[in-house]
Amino acid sequence: MGDGYSLRVDRSRVDLWLFRELVRDARDHETVTQALALWRGEPLAELTPLACHPWRSDLAVERGAALSRFADVVVTVGRAADVLAFAQCTARALPLDERIQATLIRLYHAAGRRADALLTYRAVCERLHVDLGVAPGPDLRAAHDVALHTDPPHTAPPVGPSTAPARPFTAAESAEPARVREAWQLPVPAQLPAGIGDFAGRLAQVETLLEALGGCKAAGVTPVAVITGMGGVGKTTLAVHVAHRLADAYPDGQLYVDLHGADGGSANPAAVLSRMLIALGVDGALIPKEIDDRVALYRSQVAGRRILVVLDNAAEEEQVRSLLPGAPSCAAVVTSRSRLTGLSGVRRVDLDVFAPEEALELLGRIVGEQRVRAEGEAACGIVEACGHIPLAVRVAGARLAVRPRLGLARFGRQLADESRRLDQLATGDLTVRATFRLSYASLPAPARQGFRLLGLLDIGDFAGWLLAVLLEESLERSERLLDILAEAQLVTMTGEDATGGPRYRMHDLIRLYARELAEAEDTEETRRAARIRAYGAWLALAESADQLLAYRTLIPLRGPAARHEPPGDTMAGMLADPVRWFQSERVNLSAVILQASRGGHADLAWNLADACVGFYEMREMLDEWRITHTAAMAACADDVHGRAVLARNLSYQSSLPIVQPLVMRRHAESALELFRQAGNPQGEAEALVLLGTALTADGLGEEGLQRLHQARDLAVSVGHGVSLIFIHAVLGFAYREQGELETASNHLERVLELTDGRRACRLRLMALRSLGMVRHYQGRLEESRAVLLEGLNLAQRLGVRFKELLFLLVIGESGVLTGRPNGVDYLARAWALAEETGGEFARALALRSLATLDLAEGRPAKARDRLLFSLGVFRRHGVHHIEVMALKALGHAWTLLGCTAEARQAWEEARTLYQRLGNRTQVAAIDELIGGPARGGWPGRASVTAGSGP
């Protein structure tokens, strides 16, 4: 070794020797995997003095031999993809070794990547022709024939996405390498802007563009991709990133032009062509003056050359057409805020904002992944405040990156202030506001005003009539303006709603920008009037839809508020199906009620909240009901009538899906006092009904009945038939709970008479279920079943899932108790529905009924467990009229288990509750059970029946 040193080590500790042994033994996939793990990068790469040592060349040859051996193994077992990375590195080290290149082609084909196999063959053919002046040999031709004419074998799933550059060669070009143009004789423009090192997300879009611009092409077709999207969504970033990925596939050059389409200074195509021709090597003195001649010369210059053209920020189709290459060996990428629908035969990629995980990935790459992980919740809040717009996330990240001590949570709190959010999203020459300003500046005046007024509303997607109302224009004109806004990417068409009409959406940050402009350019009176028109239009539509619903219990009690009907025949068309209209506008209705409440429009807020009650009731949207009414109530400090209606509605809401006596009573007492102050006897009657219901459910049956009879007398005196239906239904429930079955039956039959053919279906459902239970208690089993099946069919037709559950439970439990074979089937359907709804209370009701089945079939331990769970739920909700039935059944379960003390305790608790409810019949039945516990086994059909209030 001369002046050097000799290092003597055991062969088992040297990776090269281990690698050689594994190569010799490479007969299975596991051995190949172990060998590949030992070869990491280039051998001795860090030892610069040995860069030209012959031993390194020998190692490259040795690696090539190993690759051939590995390939035989992995192709056989269908794991070719596992060796591709090793094969690619080996092929790059030996670019003119036909055997190695043929092996790479074979591996690509075996891994199911035929396009990469064919493109590699073309690239090798070109290198052999240019560097050696020879045609491909038999190994390469054989590999190419296999890739071209046979289907890839079945392979294991690929390890990752292809990293090999796609190359836009045609089959004819690869077959005749001698015709490849000698590109070194011409200038090779490389005009792409620098790539972005922190590029994130857009995996699907990148693959789409790579495939469109670099894959196999149709004969004679120039691939063109158009990337569209709103400002700041990352169109240019994506285009440049893909162009860099494709640079090797277009070795004759990459042209890049900013066409300034968004900033009002749209580039002249003739001037752009002049610059492009000079970049392609044309003497400036020889460039023709006429644009048609320039286009012809430009397309002649690129013919036969592999050139990628990036046309960034295009304004319109006419600007782009003359700049597109005509040669199929070339390709073009166009970005624009306009959709450029006039360009045909192009691959379109319409960019939306980032997915949340993509936005977090970008933020992490800018500020550091560790910092993002340390404050994960705050990071999510930041990208959410940025609306997942890539530019906004980049600006936020840049501000955080230069302030490493600024906590993400603190910055997130700064962004939370909507009035200053756009100020926070600015750093250097990156500003979100400026990006939006470019789009806004290109609009005609009416579209600008419409854009500003749309920004005043805190809504999600919206229908076209809204802009017509805001501008007091016709529907046709407003739709044309929406088309202009959509073309400028300031609103997005999201599809059709349930009524078949188009829906539009304005991004949150764009909405903030529009609101800024409205506050700067429109007067306070203009803004206020526009909001009132919009709120009034929703109110007019909601009240009309509410009248058409087949499901509302409470009578509408309207107050003075500005209604504003949308133009034309909008209402008739949209309200053909009122349920679908409510479903389409559900989110907006809640948002408008909250915004009107905050903005001092209490009259519109409470009227609109009341107009939604029928839909809330029908679809059991209890959270939205409570939230909207609570907000409107807070705004109605000086509006006694509005507060009374809202308190009444909240009292009724507290009875769904089951009665919550304390909450219901509190709201009912408030409503009663307020209606009396307002001098509204109809509202007073309904408040008395609700109060009577709450008292009865709370075990104060006598007082409850007293309130209900007061309500009946008041309704009769004012001649209000709808209130009487409600009163009869609740009286039927109250007398049923007291065991007065005949009296209950009379009231419930009266409800069915009064609702026959009418829209008061909720009251009819209530009466059908109560009457079915009463008939069961009376022993009139066939009548009970018929009534309950009618109610079940009605609940299913209306789509009221909780009511459907209650009917299934009563029918199923009644069937079990009377020995009907399909009773079990109804209970199974009920349990499936309870699981689907996911509510604790629904499961508790179902388990209580299933316990009846357990008792009937001799499973008292299982019945006990189910009843104990249900009891816990019922007690938390304070529903004594259901709790008492579970206690009674639990006593039977304890008795069958031989636990007489526990049975007695359960029955004594049940007796106390029945006394409180005023049900003397059940008190007597419990006394009999307590007096003779030995007889307290399973008594049969009269023992238990499902219930949950009116």
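Mentor: Before we start, contact here means heavy atoms within 4.5 Å. You are looking at a predicted model, in which local features need pLDDT of at least 70 and side-chain atom pairs count only at pLDDT 80 or more, while totals for chains, interfaces and linings use all residues. Residues are numbered from 1 along each chain as its sequence is written, and side-chain values use heavy atoms, with hydrogens and water left out.

Trainee: Thanks! How many helices and strands does the protein have?

Mentor: Helices (H or I, at least four residues) and strands (E, at least two) are DSSP runs, numbered from the N terminus. Counted that way, the protein has 45 helices and ten strands.

Trainee: What percentage of the residues in the protein are buried?

Mentor: A residue is buried under 20% relative accessible area, exposed over 50% and partly exposed in between, using a 1.4 Å probe and protein chains only. The protein has 950 residues, and the buried share is 55%.

Trainee: Among contacts between residues at least 6 apart in sequence, what share joins residues at least 24 apart?

Mentor: Take the contacts in the protein between residues at least 6 apart in sequence. The share of them that joins residues at least 24 apart is 70%.

Trainee: Let's turn to the sheet. In which order do its five strands lie?

Mentor: Two strands pair if DSSP finds at least two bridges between them. The five strands make an open sheet with parallel pairing, and the twist from one strand to the next averages 15 degrees. Their order is β2-β3-β4-β1-β5.

Trainee: Which strands stand at the edges?

Mentor: Look for strands with a single partner, because one side of each is then left without a neighbour in the sheet.

Trainee: How many residues of β2 are buried?

Mentor: Strand β2 is joined to β3 by five bridges, and the two run parallel. Within that pairing, L255 stands opposite V309 in β3. β2 is mostly covered, and of its five residues the number buried is four.

Trainee: Which residue stands opposite L308 in β4?

Mentor: L308 belongs to strand β3 (residues 308-314), which is joined to strand β4 (residues 331-336) by five bridges, with the two running parallel. The residue in β4 opposite L308 is A331.

Trainee: Which residues stand opposite A225 in β4 and in β5?

Mentor: β1 runs parallel to β4, joined by five bridges, and parallel to β5, joined by four. A225 faces V333 in β4, and its opposite in β5 is R347.

Trainee: Which strands does helix α9 touch?

Mentor: Helix α9 (residues 203-214) packs on the sheet, and its direction makes about 165 degrees with that of β5. Axes are lines fitted to C-alpha atoms, for helices over the stretch in contact, and angles run from 0 to 180 degrees between N-to-C directions. The strands that α9 touches are β1 (224-228), β4 and β5.

Trainee: At what angle do α11 and α12 pack?

Mentor: Helix α11 (residues 269-279) lies across β2 and β3, at about 155 degrees to β2. It also meets α12 (residues 291-302), through residues including P269, L273 and L277 in α11 and I291, V295 and Y298 in α12. The axes of α11 and α12 are 10 Å apart, and their angle is about 35 degrees.

Trainee: How close do the axes of α4 and α5 come?

Mentor: Helix α4 (residues 84-93) and helix α5 (residues 98-110) cross at roughly 155 degrees. That makes α4 roughly antiparallel to α5, where angles under 35 degrees count as roughly parallel, over 145 as roughly antiparallel, 65 to 115 as roughly perpendicular and the rest as oblique. Among the contact residues are L84 and A87 of α4 and L104 and L107 of α5. The axes come within 9 Å.
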